[in-house]
Amino acid sequence: MRSVPWWILFSSLCAPVLLVGGWAISAELHGPGYDPASATISILASDGSRGYWVMTSALLALGTCHVVTACGLRPAALAGRVALAGGGLSAMMLALFPAPSSGGSFAHGVVVAVGFSLLAVWPVMAVRRGVPGRWTPPGGGPAGRTRAAVPPWGLRAGPSVTAAALMWLGGAWFLLALFVLDTAGAAERVITFAQSFWPLVVVLSCVRTAGRSA
């Protein structure tokens, strides 16, 4: 199993930190009129918001982290890496299509939907099946026989499908919270944090697997 470069551990760790730090600082700058339980993150990056540059910079940095992680995550399937990078680019494009200070924006909504979808499907698309590896049978015997090497935990079908399913359920929760429950802010924070955190889980599982095989 191929190892991962040290810099994607850094990029994947920075992603959730930048996201949470961005919305926390931006909400503080926005003032007491902002309710994080009901108001979305997009409001913090909307035109005219006091925390516009903080939240926009955080989204740009978050997207960059996802792109960097996708470039170096060699144990993952290529389709998954492309989807992760696409999700990162979508986060960066939110700077070009910010939410308006009032009302809705079709372009902003499309970018958000595309970004969410890509980050919700990349765990499944990144799944790796067992790949050929060299091994020595326990108790001795002829070395150099071939068997299927087990992929890192974060790239196995079970955990990946579970993570993707929870993200899609989170998306459904967000829509319900947006149109019915008036708790869209809380739902959005949970799902966006989960999507920013999963790449770190995958990278850590790859590092652990590489350490065991070294």
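Tutor: V190 is found in helix α7. Helices here are DSSP runs of H or I with at least four residues, strands are E runs of at least two, and both are numbered from the N terminus. The model is predicted, so local features need pLDDT of at least 70 and side-chain atom pairs pLDDT 80 or more, while totals for chains, interfaces and linings use all residues. Residues are numbered from 1 along each chain as its sequence is written, and side-chain values use heavy atoms, without hydrogens and water.

Is V190 buried or exposed, or in between? V190 counts as partly exposed, because its relative accessibility is 47%. Buried means under 20% relative accessible area, exposed over 50%, and partly exposed in between (1.4 Å probe, protein chains only). V190 also belongs to a nonpolar surface patch of about 780 Å². Patch residues have over 30% relative accessible area and no salt bridge, and nonpolar side chains (Val, Leu, Ile, Met, Phe, Trp, Tyr) are joined within 5 Å. A salt bridge is a Lys or Arg side-chain nitrogen within 4 Å of an Asp or Glu carboxyl oxygen. Areas are Shrake-Rupley values with a 1.4 Å probe. Helix α6 supplies the largest share of the patch, seven residues.

Now step to the link between these two helices. D182 is found in the loop between α6 and α7. Its phi is positive, about 60°, although D182 is not a glycine. Most residues other than glycine have a negative phi. D182 counts as exposed because its relative accessibility is 57%.

Move along α7 itself. The place of S196 is in this helix. S196 is buried, because its relative accessible area is 1%. V207 is another α7 residue. V207 is partly exposed, because its relative accessible area is 35%. P152 is its contrast in sequence: V207 and P152 lie 55 residues apart along the chain, with C-alpha atoms separated by 8.4 Å.

The largest pocket holds about 1100 Å³. Of its 42 lining residues, S42, H108, V112, F174 and E188 are closest to the centre. The elements giving two or more residues to the lining are α2 (41-44), α3 (52-72), α4 (78-93), α5 (106-125), α6 (157-181) and α7 (184-213). A pocket is an open set of points on a 1 Å grid where a 1.4 Å probe fits, with protein on both sides within 12 Å along at least five of seven lines, and lining residues have an atom within 4 Å of a point. Helix α5 gives the most, nine residues. By residue class, the lining divides into 23 nonpolar, 18 polar and one charged.

In α6 we find V161. V161 counts as partly exposed, because its relative accessibility is 43%. V161 and V121 are 40 residues apart in sequence and 8.9 Å apart C-alpha to C-alpha. In α3 we find T69. T69 is buried, because its relative accessible area is 1%. T69 and A15 are 54 residues apart along the chain, and their C-alpha atoms are 9.6 Å apart.

Last, the whole chain. It has seven helices and two strands. From the N terminus the order is α-α-α-α-α-β-β-α-α. Of its 214 residues, 44% count as buried. S196 and T69 are buried residues, whereas V190 is partly exposed.

Definitions and conventions: Grid points are joined across faces, edges and corners, and a volume is the space filled by probe spheres set on the points. Ala, Val, Leu, Ile, Met, Phe, Trp, Tyr, Cys and Pro count as nonpolar, Asp, Glu, Lys and Arg as charged, and the others, Gly among them, as polar. Patches are made of residues with over 30% relative accessible area and no salt bridge: like charges are joined within 9 Å, nonpolar side chains (Val, Leu, Ile, Met, Phe, Trp, Tyr) within 5 Å.
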